[in-house]
Structure formats: C-alpha cells, structure tokens
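Trainee: I would like to learn how to read salt bridges in a model. Could you take me through some cases?

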Amino acid sequence: GSTTEFDYGVPGLQKFIDEGWVVCGTDYQGLGTKGRHQYTVGRTNALDAVNIIHAARELPVGAGTHFGTIGWSQGGAAAAAVAELTDADYNGLKVVGSVPMSPGVPVSYVRVPGGLGGALASGDVPPDGHLFMILSGLQAAFPQELSLSDFYTEVGIRVHDSGWNTQPVHHLSDALARSNQHYGPVMQIDKSKLPALMKAITESSASLIKARCPIFVTIDSQHGGSVVPVAAQTQYISDAQALGSEVTSKEYPNDDHFSLPASSIDDARAWLD
C-alpha cells in the first residue's frame with residue numbers, strides 16, 4: 001500500500017529506543033541547505049554522521065561518547081567511511097562498530113562487471129541515476145579537478161540542473177533514459193579526465209585505511225544484488241580486509257536492496273550490542 005519505493009525513517013527505531021539507544025538520523029550537507037549534495041563522497045557523509053552525534057550531545061537526551069553506525073546503500077558507504085575517520089574527526093567520540101547494509105562504495109561499484117561503469121564507456125548507454133549523481137557529488141567535492149562538462153553533455157547538464165535536487169534517484173534514472181532517447185546522449189566522458197575522476201572516486205570511498213572498529217556487512221543476495229551488485233559489496237569487504245580491517249558479513253538470500261534493512265536490522269542491533 002505504500003506510495004513510495006521504500007519506507008522513510010529508521011528501521012527498528014522503537015526497539016533501539018526501548019533498549020536505551022539515542023538514535024540520530026543523519027542529515028547530509030546539501031539537503032535543504034545551500035550547495036550541492038556530495039552524494040556518496042565518503043568523508044563528507046561520514047563527517048555529517050559524526051557531527052549529528054555532537055549535536056545530540058548538546059541536547060538533554062543522555063547521549064554518551066560511544067556510538068555505533070548503521071547505514072543502507074549510500075548510507076552503507078557512509079557507515080563504512082565513518083569507521084575510517086581520525087581521532088580529530090571523532091573529537092572525543094568512540095566508534096564501537098559499523099554496519100554497512102548493501103553498501104554503495106563507489107570505487108567497489110565502478111570496478112566490478114555489471115556495476116555503474118557501463119555508461120562511462122559509451123555515450124549511447126543511458127546512465128543509471130546513481131552513477132549520474134555520484135559524478136555530480138564528486139564534482140561538487142572536487143571542483144578544482146572536475147567540471148560537469150567532463151562527463152555530462154549539454155543535454156545531461158540540463159537534466160542535472162533541473163532535477164538533481166528535486167527528483168528521487170529512480171525517477172531521475174527514468175528522466176535520463178528518456179532524455180537520452182529523445183534529445184541525444186546525456187553523458188560523454190572526456191577520457192583525458194579519467195585519471196582525475198578515478199582519483200576522486202578512490203579518495204571518496206571507504207577502504208582507504210584500516211577501519212577503527214569492527215564492521216558487519218549485511219548483503220542482499222537475491223538475484224545477485226538488485227541495486228548494488230553482490231560483487232561490489234564483497235569487493236568492499238575484500239578491500240577492507242586487505243587493509244587489516246575486522247569485517248564479518250551475512251547474506252540475506254531472500255532480500256533485495258529495498259527489503260534488506262527491515263530483514264537485517266535485528267541482527268545489526270544485536271551485533272552492535
């Protein structure tokens with residue numbers, strides 16, 4: 001009966017509250033404020049998550065200094081990045097564990113077959129809205145190194161400027177596909193900028209350094225992953241483990257990307273406890 005593609009809010013919220021958690025729902029910079037949202041830029045999103053904890057500690061709600069983090073999709077990438085911040089970034093906080101749910105870590109996503117990289121190869125391929133917004137977020141985070149015209153055509157820039165802050169990403173995907181069909185390619189990569197683009201993707205992703213806490217990844221493995229391919233999720237796990245991070249995971253074979261949070265939230269809460 002829902003009128004949206006997924007439920008809003010925090011899954012399992014009441015159980016967290018009943019068990020004594022103070023729960024913060026991160027508001028990423030660029031959502032409702034000036035400036036473009038840095039979609040999937042790990043460090044930016046991770047600092048947003050930490051900053052809201054400091055804000056909660058200024059309220060009379062009993063928030064302590066130890067915290068765990070849970071995120072889904074983009075939030076999964078953010079949760080993974082939270083685990084790689086510095087002591088100065090935490091500023092007196094202590095992260096005890098991180099639960100990325102179906103994490104959309106850009107560098108893992110782009111590298112695997114069937115990931116977001118298809119539209120990078122040819123302007124004839126209409127891009128997935130996630131890729132389109134990843135590129136937008138990267139350009140916002142690295143304005144000196146990248147410009148929108150490095151990967152968007154004039155048609156793509158028009159779609160971006162009219163929809164980036166108003167259209168849900170799956171609606172944006174539809175708009176991109178139709179614009180690609182009726183007005184011409186929305187993407188055309190300047191290959192000379194690929195090194196700068198890949199550098200930005202790498203610097204924006206988790207699995208840069210050893211995580212500061214244990215990590216528990218929940219994987220939606222129905223049909224090989226419906227939005228974030230399972231291969232991209234396991235690529236992040238392998239990369240993090242190669243850096244010495246303590247990473248465990250669990251697959252949910254009967255769940256797609258959108259049902260995963262509700263199915264895995266009890267496991268996530270028990271693991272954080």
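**Reading the salt bridges**

Mentor: Start with one side chain: Arg-43 is partly exposed, its relative accessible area being 45%. Keep in mind that this is a predicted model.

Trainee: Which residue does Arg-43 meet in a salt bridge?

Mentor: A salt bridge is called when a side-chain nitrogen of Lys or Arg lies within 4 Å of a carboxyl oxygen of Asp or Glu. Here the side chain of Arg-43 pairs with that of Asp-89, at 2.8 Å from N to O. This pair joins distant parts of the chain, 46 residues apart: Arg-43 belongs to helix 2 (residues 42-57) and Asp-89 to helix 4 (residues 87-90).

Trainee: Is Asp-89 buried or exposed?

Mentor: The cut-off for buried is under 20% relative accessible area. Asp-89 has 14%, so it counts as buried.

Trainee: What is Asp-89 in contact with, apart from neighbours within four places in sequence?

Mentor: Asp-89 touches Arg-43, Leu-47 and Val-50.

Trainee: How many salt bridges does the rule give?

Mentor: The count is nine. One of them joins Asp-267 to Lys-250, with the closest N and O atoms 2.9 Å apart. That pair also links distant parts of the chain, as Asp-267 sits in helix 12 (residues 260-272) and Lys-250 in strand 4 (residues 247-252), 17 residues apart. As for accessibility, Asp-267 is partly exposed at 27%, and Lys-250 is partly exposed at 37%.

Trainee: What about a pair within one helix? How far apart are Asp-266 and Arg-269 in helix 12?

Mentor: Sequence spacing is the thing to check in such a case. Asp-266 and Arg-269 are three residues apart in helix 12, so about one helical turn separates them. Their side chains meet in a salt bridge, with an N to O distance of 2.9 Å.

Trainee: And how do I read the accessibility of Asp-266 and Arg-269?

Mentor: Take each residue in turn. Asp-266 has a relative accessible area of 36% and is partly exposed. Arg-269 has 7% and therefore counts as buried.

Trainee: Which residues are linked with Asp-266 and Arg-269 in a network of salt bridges?

Mentor: Lys-15 and Glu-19 are linked with them in that network. When you read a pair, then, look at the distance, the sequence positions and the accessibility of each partner.

Technical notes. Residues are numbered from 1 along each chain as its sequence is written. This is a predicted model: local features need pLDDT of at least 70, side-chain atom pairs count only at pLDDT 80 or more; totals for chains, interfaces and linings use all residues. Side-chain values use heavy atoms; hydrogens and water are left out. Helices (H or I, at least four residues) and strands (E, at least two) are DSSP runs, numbered from the N terminus. Buried means under 20% relative accessible area, exposed over 50%, partly exposed in between (1.4 Å probe, protein chains only). Contact means heavy atoms within 4.5 Å.
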